[in-house]
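Have the structure open as you read.

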Amino acid sequence: MNLQSVKTIYLAEMARSLRTVLQSIVSPVVSTSLYFVVFGAAIGSRISEVDGVSYGAFIVPGLIMLMLLTQSVSTASFGIFFPRFSGTIYEILSAPISYFEVVLGYVGAAATKSVILGLIVLGTARLFVSFSIEYPLVMLLFLILTALTFSLLGFIIGIWADGFEKLQLVPLLIVTPLTFLGGTFYSIDMLPDFWQAVTLLNPVVYLVSGFRWSFYGSGDVSIWASLAIITLFLGVALAVISWIFRTGYRLKP
Amino acid sequence: MTLSANLAPIAMAEHGTAGGDIGAGTPMIQVERLSKAYGDGFQALKEVDLTIRRGEIFALLGPNGAGKTTLISVICGLVNATSGSVKVDGFDNVTQYREARERIGLVPQELTNEAFTTVWDTVSFSRGLFGKPKDPAHIENVLRALTLWDKRDNRLLELSGGMKRRVLIAKALSHKPQVLFLDEPTAGVDVELRREMWEVVRGLRDQGVTIILTTHYIEEAEEMADRIGVIRRGELVLVEEKSTLMRQLGRKELTLHLATPLDAVPAALAGHDLVLTEEGHALVYTYDVTHLDEGTGIAGLLADLEATGIRVKDLHTRQSSLEEIFVNLVRERT
């Protein structure tokens, strides 16, 4: 294991986030605050309680998840897409490092940034509503697993995309809708039976539900189902990445 | 230009080398039966065999699209070979890619860089990426040698094209490679910068770095290289010492400036392959230095001239440039 190389990629990626600190950290915090103002305070005041917690507190885990998924995907995809786009990827490919180490550096940095952002959003939310976290370790586990999995997904998108349009396409057309329809702002109990069944096909439901369970001890689906889905996701993402590197897809002609 | 004088300790030292004698030990690069067909069926390399000696400057010469960059890319790990093998200092570049790649520095053709990073950061990044611990003294040496030291805190987007090229060289040298690949180092570079680049390359060679450069400027190969390989349509059509190449394939011209102009080549000289030029003021005799053992025929020609009483004012000889050799070569094999 070439730890020096991994560290170099990791620190360079973290430095890139710091260079664009406004875009990387401030904007998610601002947008999350806006969600709280609109959904938490304005609309939430008309909704009494969901699953035994106040609406403002109910949406906290979902909001963190929303931010976590979009940030993980966009950071990781841009991180590997940009060297491909600018041509500096030659250096990564010619370096004495394994593919696993390349992924570890890029995805590790993207996931770290997402987890930090998640914690910042959590802190921001605390300013608006009061809530408790029943299982903090499970919460952290979900935070890390989700950040890791969606950073891997972002890495895949960053390699698949051959232009800026495609880079935006998956986050915009798939990740964001799935998150909004994934029980971020509502409990799926509120939906008619048919749509409940459809919703259960949405993997994000399991992530939000599991994450919410770690806060309040209850979710739309069982915590085990949530853990199984996230692990499955992680496995699929790893399999795709190992295929990418084995075949040299879009990296090595 | 004092670039080469500045280059003192910037290369090697982190790997043992096979003694430094040219030809000693394992070759620096050993390419065997290397072929590459791209996905669209284009055959970029066909069964290429090539041995690069330690410490030499090897120029890979060929027209655009001949396969120069593909060959370099396969050796450096940017492109997968279809068949064949590459060994770097004895290490296979696929099964022992770590050992192979840490010996290589690559300067790509395109001026690619991260626009918002500083010179210092990007060169330090390259060193770390190659798994080497921080070494600010070495980075400083490299930057000074390439006259980039004053620009170390500048962001790359603020630099001129020539400086960006030097930054790419600094990045490639940051991990003290034993062999440096320069893909078209002087493409689109003005004359002064080109001379400067040559100085840098010579300075590196003097430290024992093996250098492989691609170029389609014959002048560059002629100026720089110890050996020259000519690649055409994916085939290595020739690998030769530059001096041998010049000697073997070169044709020489002897021009005789005449005291009084002639209307035609005199019958007495018809046996010699002469051409009358400069409106009858000069006779040009072409001979092939490939067959020196058979004699050049110059002695006979001069004797016959003496006999006809034609007075010669002056004479000079000229050897064909590599460009002419190259053109002849490409013409012959088509």
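This is a predicted model: local features need pLDDT of at least 70, side-chain atom pairs count only at pLDDT 80 or more; totals for chains, interfaces and linings use all residues.

## The second largest cavity

By class, four nonpolar, three polar and two charged residues make up the lining of the second largest cavity. Here Ala, Val, Leu, Ile, Met, Phe, Trp, Tyr, Cys and Pro count as nonpolar, Asp, Glu, Lys and Arg as charged, and the others, Gly among them, as polar. A cavity, on a 1 Å grid over the protein atoms alone, is a set of points where a 1.4 Å probe fits but cannot get out, and lining residues have an atom within 4 Å of a point. This one holds about 50 Å³ of space, a volume being the space filled by probe spheres set on the points, with grid points joined across faces, edges and corners.

Which residues line the second largest cavity? From chain A there are A:Tyr90, A:Glu91 and A:Ser94, and from chain B there are B:Gly105, B:Leu106, B:Phe130, B:Lys171, B:Ala172 and B:His175. H4 of chain A gives the most, with three residues, while strand E6 (104-107) and helix H6 (161-173) of chain B each supply at least two. Helices (H or I, at least four residues) and strands (E, at least two) are DSSP runs, numbered from the N terminus.

## The largest cavity

The structure holds four cavities of 30 Å³ or more, and the largest has about 90 Å³ of space. Of its 14 lining residues, A:Ile92, A:Leu93, A:Tyr99, A:Val102 and A:Phe245 sit closest to the centre. Helices H4 (89-94), H5 (99-128) and H6 (136-160) of chain A are the elements that give two or more residues to this lining.

H4(A) turns up again here, with the largest share of the lining at three residues. By class, the lining of the largest cavity has eleven nonpolar residues, one polar and two charged.

Residues are numbered from 1 along each chain as its sequence is written, with chains lettered from A and ligands numbered from 1 in the order in which they are written. The model scores ipTM 0.87 and pTM 0.82.

Chain B averages a pLDDT (the predictor's confidence in each residue, from 0 to 100) of 83, and 85% of its residues score at least 70. Within chain B, confidence is lowest in helix H1 (residues 3-6), at a mean of 44, and highest in helix H4 (residues 119-129), at 95. pLDDT also stays under 50 over residues 13-23 of chain B, for which the model has 19 contacts (heavy atoms within 4.5 Å) beyond four places in sequence.

Notes: Side-chain values use heavy atoms; hydrogens and water are left out. On a 1 Å grid over the protein atoms alone, a cavity is a set of points where a 1.4 Å probe fits but cannot get out, and a pocket is an open set with protein on both sides within 12 Å along at least five of seven lines; lining residues have an atom within 4 Å of a point.
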